[in-house]
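Me: Could you walk me through a few of the labels used for this structure? I'd like to see how each value leads to its word.

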Amino acid sequence: MSVELRIRGTHLGGAIGDALGAAFENTPSSVIENALGSSKVGDYEKGIPQSLLGGHPAGMPTDDTAMALSLAGALASSRPITAASIAKAFATDFAENGRFKRLIWNGGVGGAVARALGRLERGGDPETNGQLEDGGNGAVMRTHVAGALPDRQDVLTIAAVQARVTHGHPSAIAAAQAVALVVHDAIAGRPFSAALPAGVEDAVLAASWRAMHANLKRRSGLPAHLRDVAMSAWETAAAAHAIAYLFENDVEEGIASAAGSGGDTDTIACIVGAMLGAVHGENALPKRWLKGLRERAAVEDAADSLIRRYYPSQKRAVAVAAGRS
Ligand SMILES: [Mg+2]
């Protein structure tokens with residue numbers, strides 16, 4: 001499969017997962033199951049009243065996708081890629097008239113990102129802007145787009161650089177590296193492994209990874225320990241990877257299960273979607289999810305801008321392959 005289809009699969013899979021999970025953000029899996037009569041989110045839903053984004057339009061992605069689009073813009077256009085260029089993209093894109101502000105619906109960006117943007121506005125140093133106490137999901141929800149960088153060492157470096165712009169907890173930074181590397185390895189066509197990617201060094205993340213991957217049995221649904229996962233970056237990244245691993249051969253089941261898993265459903269499903277999208281490519285994503293995805297054009301543009309910059313020699317036949325003209 002071509003790199004193009006995998007990169008587009010990463011971006012679209014991430015946005016689809018985000019939009020599916022958005023309707024249930026911050027609600028327990030039991031509430032989701034009651035609302036849907038199923039533990040899987042098979043279609044886009046309007047944000048249920050109990051969720052963080054009650055009333056959120058069906059099929060609309062959230063800050064996860066907004067941040068991924070902004071980061072992808074920085075990776076596609078800045079030479080060299082630095083903390084300053086990434087910080088500038090965030091500050092510009094999420095300003096009052098910024099191009100991705102419209103995607104930050106109701107709930108806004110996460111607290112750590114909001115505070116980080118405030119510090120940048122006051123002249124904070126982008127390289128050290130993230131604070132030690134900030135270990136939430138803001139840095140892992142967008143980092144999959146860095147997996148498109150062709151060089152593995154660059155992925156490791158840039159995933160950490162982009163994380164530090166908003167988050168300073170070392171395990172959150174490592175979690176961002178892990179997600180980007182999993183996507184990178186899939187784009188490179190390597191087999192999907194259960195292991196924490198080589199090069200990521202963090203004891204807290206490693207322990208969480210072991211716990212989330214313990215006793216996984218494929219084809220048996222989502223085990224209890226992968227439901228209602230706490231909202232630290234390291235638990236989220238490890239759980240999302242375990243779900244993607246569990247459903248490696250079934251993109252639809254994997255994303256639908258992640259979106260119904262409870263807690264930070266949009267971010268978990270976003271990461272699972274990005275990983276499985278990289279493994280299987282754009283054409284494996286269910287057509288009804290692609291059709292119903294709002295902001296699809298912006299997501300595709302972001303993927304294509306990375307493909308143009310980093311894989312210019314490869315023939316582009318994606319539109320034809322995906323059945324569009
Ligand atoms: Mg979100």
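**Helices and a loop residue**

Reply: Happy to! Helix α1 (residues 3–22) and helix α11 (residues 265–280) have axes that come within 6 Å and cross at roughly 155 degrees. Axes are lines fitted to C-alpha atoms, for helices over the stretch in contact, and angles run from 0 to 180 degrees between N-to-C directions. This is a predicted model, where local features need pLDDT of at least 70, side-chain atom pairs count only at pLDDT 80 or more, and totals for chains, interfaces and linings use all residues. Residues are numbered from 1 along each chain as its sequence is written.

Me: Why are α1 and α11 called roughly antiparallel?

Reply: Angles under 35 degrees count as roughly parallel, over 145 as roughly antiparallel, 65 to 115 as roughly perpendicular and the rest as oblique. The axes cross at roughly 155 degrees, and α1 and α11 are therefore roughly antiparallel.

Me: What makes A284 partly exposed?

Reply: A residue is buried with 20 or more other C-beta atoms within 10 Å of its own, exposed with 12 or fewer, and partly exposed in between; C-beta atoms are placed from the backbone. A284 has 16 C-beta neighbours inside 10 Å, so it counts as partly exposed. A284 sits in the loop between α11 and α12 (287–292).

Me: And how many residues of α9 are buried?

Reply: In α9, 14 of its 14 residues are buried, so the helix is mostly covered.

Key: Helices (H or I, at least four residues) and strands (E, at least two) are DSSP runs, numbered from the N terminus.
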